[in-house]
Amino acid sequence: MRRTHYDVPLGNLTGKLAVVTGASDGIGLNIAASLAGAGARVIMPVRNPRKGQVAVATITGIHPAAKLELRELDLSSLATVAAFGEYMRTEGSPVHYLINNAGVMTPPHRQTTADGFELQFGTNHLGHFALTAHLLPLLRAGHARIVTQTSIAARSGTINWDDLNWQRSYDGMKSYRQSKIACGLFGLELDRRSRANDWGITSNISHPGVAPSNLLAARPEVGRSTDTRDVRMIRWLSARGIVVGTVASASLPALVAASTGGSGDDNFIGPRWPGNAGGPPGRQKLWKPLRDNASASRMWSSSEELAGISFPRN
């Protein structure tokens, strides 16, 4: 199975505003570069300003006319999420695209966010849930398309309803699966609630498949001092075009979800090679953990309570 070049025709996005989380490297950087290359003004909210500056230089090296803005955001701190939301609302520009892409994966030991939530659940899901709520007035003004990234890990697993924060028996992969199931349920429920309440936004979910991003690489901030064996194998396979994708190809499902028609259950986008780990992007059948609307509604209510923020009821 040989890797080929894939592309997503985004059209002319001049005058559009996009917010992309996790844009300082990897898949998020490629998403931001594609949107900026199509003419969009792209806001890159980052936790690490130095990495953000390198990312801006990388993108402008490819697209010299790119309109990029760095802003501070740490999804593991609800206070910084609120501060970013307040800044955006004060500026007042309608947001046309929100790509909820950033994430953290399998810290070897249980860690918590600034607000005391298990790090993966708090960052991957609750941080994006709160961010979307804070930006909702601007998203409505821009009739936005919102894309939330789930993961191939969410094909199986469950929500640990009795212990959402994994305080009693932490398992890094099970917790990661839960966080990405929650992301998927949120993206689908957001679209249902938008239609029910006439918010005027569309919400889709996507997954990048498997690619040699930095999720499983050495990340001292999550307690991982060396690259994992898994990421070394993924790099080897990716370099040879076998089974898995590249960082560039893994960015395309989110761009397809953002740019094409359809929403909700009918517009779940991911790689199309057998196993869905790599290949060109396309529509896919929802995985079983994402089909339970009752769980999606329950997760929404729990997330509002945990994050201390509510979406409007109309």
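Guide: A polar contact is a pair of N or O atoms within 3.5 Å; within protein, one must be able to donate a hydrogen and the other to accept it, and residues adjacent in sequence count only if both atoms are side-chain atoms. The model is predicted, so local features need pLDDT of at least 70 and side-chain atom pairs pLDDT 80 or more, while totals for chains, interfaces and linings use all residues. Residues are numbered from 1 along each chain as its sequence is written, and side-chain values use heavy atoms, leaving out hydrogens and water.

Visitor: How far from the side chain of N48 is the backbone nitrogen of K51?

Guide: N48 sits in the loop between β2 (41-46) and α2 (49-62); helices (H or I, at least four residues) and strands (E, at least two) are DSSP runs, numbered from the N terminus. Its side chain reaches the backbone nitrogen of R50 at 3.0 Å. For the backbone nitrogen of K51, the distance to a polar atom of that side chain is 3.2 Å.

Visitor: Why does N48 count as partly exposed?

Guide: Buried means under 20% relative accessible area and exposed over 50%, with partly exposed in between (1.4 Å probe, protein chains only). N48 counts as partly exposed because its relative accessibility is 24%.
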